[in-house]
Amino acid sequence: MTRRLLVLAGLGLIACNRGAVSDTAVGTLEMVEVNVGPLQPARAVRVIAQEGDAVQAGDTLAIFTTPTLTASLAQAEARAAAADEAARELASGARPGEIARGEKELDMAESDATRAAADLARLEPLALKGDVSRATLDAARAAARTTASRRDAARETLQLLRDGARKERRAAAAADARGAQAAAEGWKATANDLVLLSPVAGVVSSRNVEPGEVLAAGQSAITVGQPDRPWARIYVSQFVLPRLKAGDTLVAHLDGDTTVYRGRITAIATRAEFTPRVALTEQEREDLLFGVKVEFVWAGDRLRAGMPVTVTLPPAK
């Protein structure tokens with residue numbers, strides 16, 4: 001038996017004679033399976049799902065944890081709270097009590113400056129007459145300058161309290177608060193991702209972890225199959241390929257069963273398989289086969305994964 005005949009026999013393509021085109025193709029039923037696992041290395045705490053369990057989308061399958069998760073989440077939440085309070089404080093400006101204290105300090109500084117200026121004004125004429133010493137006059141001038149500077153500083157401080165923080169500082173504090181909140185949300189998302197939920201409705205086809213085991217990031221913990229989405233991949237020759245297009249409806253049956261099942265072509269391979277490196281001869285051209293994926297309408301539990309299904313191909317026009 002030649003290699004070509006072995007390939008065609010394995011795929012269920014029947015030819016009555018050389019060059020004849022088969023009107024059926026055999027494939028094996030499969031079902032869509034979804035592997036669910038942690039997004040980072042983690043240890044299984046509880047594994048709820050059992051093989052054969054029917055699950056709905058959103059059902060909890062397993063719970064994982066990491067050693068530093070709780071502490072890291074608490075630290076991130078505390079950092080976010082502190083940054084948010086700092087941003088709020090800068091945005092709201094000085095409190096009324098702080099402004100009132102600044103006003104009192106300004107009043108005291110203005111009184112000191114006024115008194116020192118008055119003393120200097122009183123001593124200057126006396127100094128010209130020689131009634132007061134030069135040292136006394138110099139001390140009065142120094143006191144006047146000092147109190148005036150203190151008054152100006154108190155006035156500027158009060159104005160800053162009334163104006164509040166600069167716009168750039170408020171923006172920077174708000175950005176820091178958003179960054180800290182985003183970090184906390186990231187840790188919350190990590191914690192949520194360690195609770196594995198079923199993304200689809202289906203049946204647990206494989207339980208790949210037990211409590212206490214550690215899985216790598218992306219490693220499958222639970223496999224959920226969808227029996228309501230059976231499909232099969234059949235292989236057709238280049239002579240049948242022009243008759244098929246995505247979206248076409250094909251009929252099929254199981255061995256020993258006259259029930260007709262309908263399926264829809266969802267994908268057609270763009271490259272041939274099971275071919276020699278260069279297909280030039282007539283025999284080699286007959287070896288060109290293309291994979292065609294056919295999805296079937298759910299028929300309860302009659303179409304099960306692993307069953308061979310015979311698909312009827314459309315006749316040549």
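Me: What should I know about the model before we start?
Reply: It is predicted: local features need pLDDT of at least 70, side-chain atom pairs count only at pLDDT 80 or more, and totals for chains, interfaces and linings use all residues. Residues are numbered from 1 along each chain as its sequence is written, and side-chain values use heavy atoms, leaving out hydrogens and water.

Me: OK, helices. At what angle do α2 and α5 cross?
Reply: Roughly 160 degrees, and their axes come within 8 Å. α2 covers residues 69–92 and α5 covers residues 167–193. (Helices are DSSP runs of H or I, at least four residues, numbered from the N terminus. Axes are lines fitted to C-alpha atoms over the stretch in contact, with angles from 0 to 180 degrees between N-to-C directions.)

Me: Parallel or antiparallel?
Reply: That angle makes α2 roughly antiparallel to α5; the label applies to angles over 145 degrees.

Me: Which salt bridge involves Lys-188?
Reply: Lys-188 pairs with Glu-77, with the closest N and O atoms 4.0 Å apart. (A salt bridge is a side-chain nitrogen of Lys or Arg within 4 Å of a carboxyl oxygen of Asp or Glu.) Lys-188 lies in α5 and Glu-77 in α2, so the pair ties together parts 111 residues apart in sequence.

Me: New topic. How many salt bridges are there?
Reply: The count is 13. One of them joins Asp-84 and Arg-88 at 2.9 Å, N to O.

Definitions and conventions: Helices (H or I, at least four residues) and strands (E, at least two) are DSSP runs, numbered from the N terminus. Angles under 35 degrees count as roughly parallel, over 145 as roughly antiparallel, 65 to 115 as roughly perpendicular and the rest as oblique.
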